[in-house]
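Here is a short briefing on one protein. Look at the sequence and the fold, then read on by topic.

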Amino acid sequence: HNASVYGARGNIELITGDFISVSRSLRADATFLSPAWGGPGYKSSRVFDLSTTKPNGIDLFACADRVSHGNVAYYLPMNTDASQLATLSSNGCEVEHHFINDRQRCLTAYFGSLQKQRQ
């Protein structure tokens, strides 16, 4: 429905399935990841560890990296471990912090050419 609303229906292909399994045969210009954060309990941790997501957030990134040749946007909690993000790609990442009512709620880390395209 959103693809039609925003006029993108002819420009995207929607696929439903287990990303880890489906990703083996996918190729794309970019990949957007938004894994489950494990419920509201993520807020009580000082640092959100990607390896604690189900499926493992580090493995998810590796699959997305293969699908889109490093062009990944990764939507994550505000308390995500910055050192983990830095180790996901040898080219680093750009982090955008999202605020609602002057409080940081989450972040998006951009990898590959997505860093440059946003400027």
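Cysteine 93 is partly exposed, with a relative accessible area of 24%. Here buried means under 20% relative accessible area, exposed means over 50%, and partly exposed lies in between, using a 1.4 Å probe and protein chains only. This is a predicted model: local features need pLDDT of at least 70, side-chain atom pairs count only at pLDDT 80 or more, and totals for chains, interfaces and linings use all residues. Residues are numbered from 1 along each chain as its sequence is written, and side-chain values use heavy atoms, with hydrogens and water left out.

**Cysteines**

- How many disulfides does a search of the whole structure find? The search finds zero.
- A disulfide is counted here as a pair of cysteine sulfur atoms within 2.5 Å.
- Cysteine 63 is buried, with a relative accessible area of 6%.

**Overall build**

- The protein has five helices and four strands. Both are DSSP runs, numbered from the N terminus: helices are H or I with at least four residues, and strands are E with at least two.
- Along the sequence, the pattern reads α-α-β-α-β-α-β-β-α.
- The radius of gyration is 15 Å, close to the 14 Å that the globule rule gives for 119 residues, so the protein is as compact as a globular protein of that length. The radius is taken over C-alpha atoms, and the rule is 2.2 Å times the number of residues to the power 0.38.
- The C-alpha trace spans about 40 × 30 × 30 Å along its principal axes.
- Of the 119 residues, 32% are buried.
- The accessible surface comes to about 7700 Å², and 50% of that belongs to carbon and sulfur atoms. Accessible areas come from the Shrake-Rupley method with a 1.4 Å probe; for residues, only the protein chains shown count as cover.
- Take the contacts with a separation of 6 or more: residues 24 or more positions apart account for 66% of them. Contact means heavy atoms within 4.5 Å.

**The sheet**

- Four strands form an open sheet in the order E1-E2-E4-E3, with mixed pairing. Two strands pair if DSSP finds at least two bridges between them.
- Which strands stand at the edges? They are E1 (31-33) and E3 (93-100); each has a single partner strand, so one side of each is left without a neighbour in the sheet.
- From one strand to the next, the twist averages 20 degrees. Axes are lines fitted to C-alpha atoms, for helices over the stretch in contact, and angles run from 0 to 180 degrees between N-to-C directions.
- E2 (residues 72-77) and E4 (residues 103-111) pair in the antiparallel sense over five bridges.
- Leucine 76 stands opposite leucine 107 in E4.
- Helix H3 (residues 57-68) packs on the sheet and touches E1, E2 and E4. The direction of H3 makes about 160 degrees with that of E2.

**Serine 68**

- Serine 68 is found in helix H3.
- Is serine 68 buried or exposed? Serine 68 is buried, with a relative accessible area of 0%.
- Leaving out residues up to four places away in sequence, serine 68 touches Ala28, Asp29, Ala30 and Thr31.

- E3 and E4 run antiparallel, joined by eight bridges.
- The bridge partner of isoleucine 100 is arginine 103 in E4.
- The hairpin has two residues between the strands.
- Asparagine 101 lies in the loop between E3 and E4. Its phi is near 50 degrees, a positive value in a residue other than glycine.
- Aspartate 102 is in the loop between E3 and E4. Its phi is near 65 degrees, also positive.
- Asparagine 101 is exposed, with a relative accessible area of 68%. Aspartate 102 is exposed, with 76%.

**A cis peptide bond**

- Most residues other than glycine have a negative phi, and most peptide bonds are trans.
- A cis peptide bond joins lysine 54 and proline 55, with omega about -5 degrees.
- Proline 55 is found in the loop between E1 and H3.
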